[in-house]
Amino acid sequence: MWFYIKGILTLAMINIIAVMGVTVFTGFTGLFSLGHAAFIAAGAYTAAILTHFYHVNFYLALAAGCLVAALLSLVIGIPTLRAKLRSDYFAIATLGFGEAFKMILENMNITQGARGLPGITTYSTFPLVFVMLVLVVAVTANFVFSKFGRMAVAAREDYTAAEMMGINLFRVQLRSLVFSAALAGLAGGLFAHYLGFIQPSLFTGSQSSMLVIAVVTGGMGSITGPILAALLFATIPEALRVANMWRMVTYGAVLVAIMVLRPQGILGYREFTFGGAIRLCRRLGSRLRPRKPEVVG
Amino acid sequence: MANILETRNLTKFFGGIVACNDLTFAVEEGTIKGVIGPNGAGKTTIFNLITGVYTPTRGEIQFLGHGIAGRKPDEVVKRGITRTFQNIRLFKNLSLLENVVIALDLRQTRYRLLTALVRPPQVWRKEKELRRTALEYLDTVGLADRPNARADSLPYGLQRKLEIARALALEPRLLLLDEPAAGMNPEESLGLAKLIREIKEKFKLTVLLIEHHMDVVMELCDHIVVMNFGEKLAEGTPDEIQNHPAVLEAYLGEDYQRA
């Protein structure tokens, strides 16, 4: 049983690392990407090829995966962001980019095409992934709560006002994209060395949209919200295994319910704190008890 | 004193529409200059041209001896021109304090990206200091009592004051105010006029302002430019403007004498 739970949690934590990148890009910078699976794939294939064929040290391979994903993000980011593509236009451009990258993976020799890469050494253990996740969350929080995060938030809130604060929109948006792609690359490297096998069909557009879904349902402008959402979405399908064919239907229904009941996300523009959770419990508790008449003045 | 800002033959077309035509005027350093005119006269267009939101079709803008026409907004801000907006553009989902801190970053925050990611004590200290400074700016415009409220929870008039605090935090030499008293009653707008005079003295600013409240304009401004249909109609001191026949005609119509 522990083995099974450990497996689910490790995958969930790898997913959260990628979600952290999208949190910065979508939640804090306000741009939507439907092509982040490409960055995960770039990280996964780079790291896996390096350890598998060239016997490079695992950590170096992970770093190389980050780097390649970051460089790849420049390929799509520079032309689209310079052309001031925004919202849906930008999302569609990244969607096309993600699909194109998958096609490239399917037709290259070194990636062994659609057959995929089997037999990758499984270095990504539960404790290792956990340490990586803690580091990633810390770095993400440091980024967001610094001058650089504020500049991104300004760009999300109002383009014109942000420019009037001396902010170069292109640079700020590109910085967030590169940061998020590097994290996606790291997640990819860990993913490849967890599963031991990768193939292009693992990195689809639906995986990209799952990342965005975690950020939007978790709450824009929040770090802890998307983490909670990603954990929720990792555990719901597992907990519902008993429900069999209704499993994914329920999953979809939960998504719809969150968006209808809390369009700003579970923790929109706020962070989870234990003090806040206790206050919330008290408030809910007092709602259940009969209310005393309030004394005014 | 010397002119801090000069425009020469400044012209902007939008397709066939002339938003601003052959405008030449100057703002003397340390003064308050008003821009008035009927709706659609091209007043805000001038602000957008100066701050780089629009690129002029023709003409020049000189700020402290540098040509800034066609520069991008973020470059113009760095040279020392900041503004507020007619249709308030705050960072709505953020707190009052955060709105000002973002502005402070331009001049005050020097740490680099990699340093920020590791967050050593110097970054903590800097962040604390930024919040203190931001609070001082909020205090200047009288908003220091609830710095953590969300910007869009403020009433309209206070949102305009927050915009002024944010513009001041960018440490400008020239402050452009686009209808700062819009939506205020006469009492409030006179209070605002007093505030503008105070900050002008405190921060040694030059102010260029667009305003419809004539009592504010006449009370505050050393010089006034009157615009109509994208052209300069008149320029002078408040007294001169109040008795200028072309101005009276533009505001009251040709038949004002009979009315």
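In the predicted model, helix H11 of chain A covers residues 247-261.

H9(A) is mostly covered, with 10 of its 14 residues buried. Just after H9(A), the residue Gly219(A) adopts a positive phi of about 125 degrees.

The largest nonpolar core holds 163 residues, of which Ile17(A) and Val100(B) touch the most other members. Helix H8 of chain A (residues 169-195) gives the most to this core, contributing 15 residues. In chain B, domain 1 (27-55 + 69-80 + 172-259) and domain 2 (91-170) both give residues to the core, so the core lies between these domains. When neighbours within four places in sequence are left aside, the contacts of Val100(B) are Ala134(B), Tyr137(B), Leu138(B), Ala165(B), Arg166(B) and Ala169(B).

The contact between the two chains takes 22 residues from chain A and 27 residues from chain B. On the side of chain A that touches chain B, two or more residues come from each of helix H5 (126-144), helix H6 (147-157) and helix H7 (159-164) of chain A. H6(A) gives the most to this side, with 7 residues. Classified by residue type, the side of chain A that touches chain B has 11 nonpolar, 6 polar and 5 charged residues.

Chain B is divided into domain 1 and domain 2, whose centres, taken over C-alpha atoms, are separated by 27 Å. The contact between these domains takes 10 residues from domain 1 of chain B and 10 residues from domain 2 of chain B. On the domain 1 side, H7(B) provides the largest share, 3 residues. The residues of that side divide into 8 nonpolar, 1 polar and 1 charged.

Chain B also contains an open sheet of 4 strands, in the order S2-S1-S4-S5 and with antiparallel pairing. Strand S2 (17-28) and strand S5 (66-67) of chain B stand at the edges; each has a single partner strand, so one side of each is left without a neighbour in the sheet. Strand S4 of chain B (residues 58-63) pairs with S5(B) in the antiparallel sense over 2 bridges. The bridge partner of Phe63(B) in S5(B) is His66(B).

Parallel pairing occurs around strand S7 of chain B. Strand S6 (residues 81-83) of chain B pairs with S7(B) in the parallel sense over 3 bridges, and the bridge partner of Ile81(B) in S7(B) is Leu174(B). S7(B) and S8(B) likewise pair in the parallel sense, over 5 bridges, with Leu175(B) opposite Val207(B) in S8(B). S7(B), residues 174-178, is mostly covered, as 5 of its 5 residues are buried. Leu174(B), Leu176(B) and Asp178(B) point one way from S7(B), whereas Leu175(B) and Leu177(B) point the other way; all are buried.

Asn9(B) has a positive phi of about 50 degrees and lies in strand S1 (residues 3-14) of chain B. With 12 C-beta neighbours inside 10 Å, Asn9(B) counts as exposed, because the class takes in residues with 12 or fewer. For Lys204(B), phi is near 50 degrees, again a positive value in a residue other than glycine. Lys204(B) is placed in the loop between helix H7 (186-202) and strand S8 (206-210) of chain B. Lys204(B) is exposed, with 10 other C-beta atoms within 10 Å.

Terms used. Residues numbered from 1 in each chain as written. Chains lettered and ligands numbered in written order. Predicted model: local features only at pLDDT ≥ 70, side-chain atom pairs only at ≥ 80, totals over all residues. Expected span 1.5 Å × (residues − 1). Core = buried A, V, L, I, M, F, W, Y, C linked by C-beta atoms within 7 Å. Buried ≥ 20, exposed ≤ 12 C-beta atoms within 10 Å, placed from the backbone. Domains from an automatic or database assignment. Contact = placed C-beta atoms within 7 Å. Nonpolar A, V, L, I, M, F, W, Y, C, P; charged D, E, K, R; others polar. Pairing = 2+ DSSP bridges.
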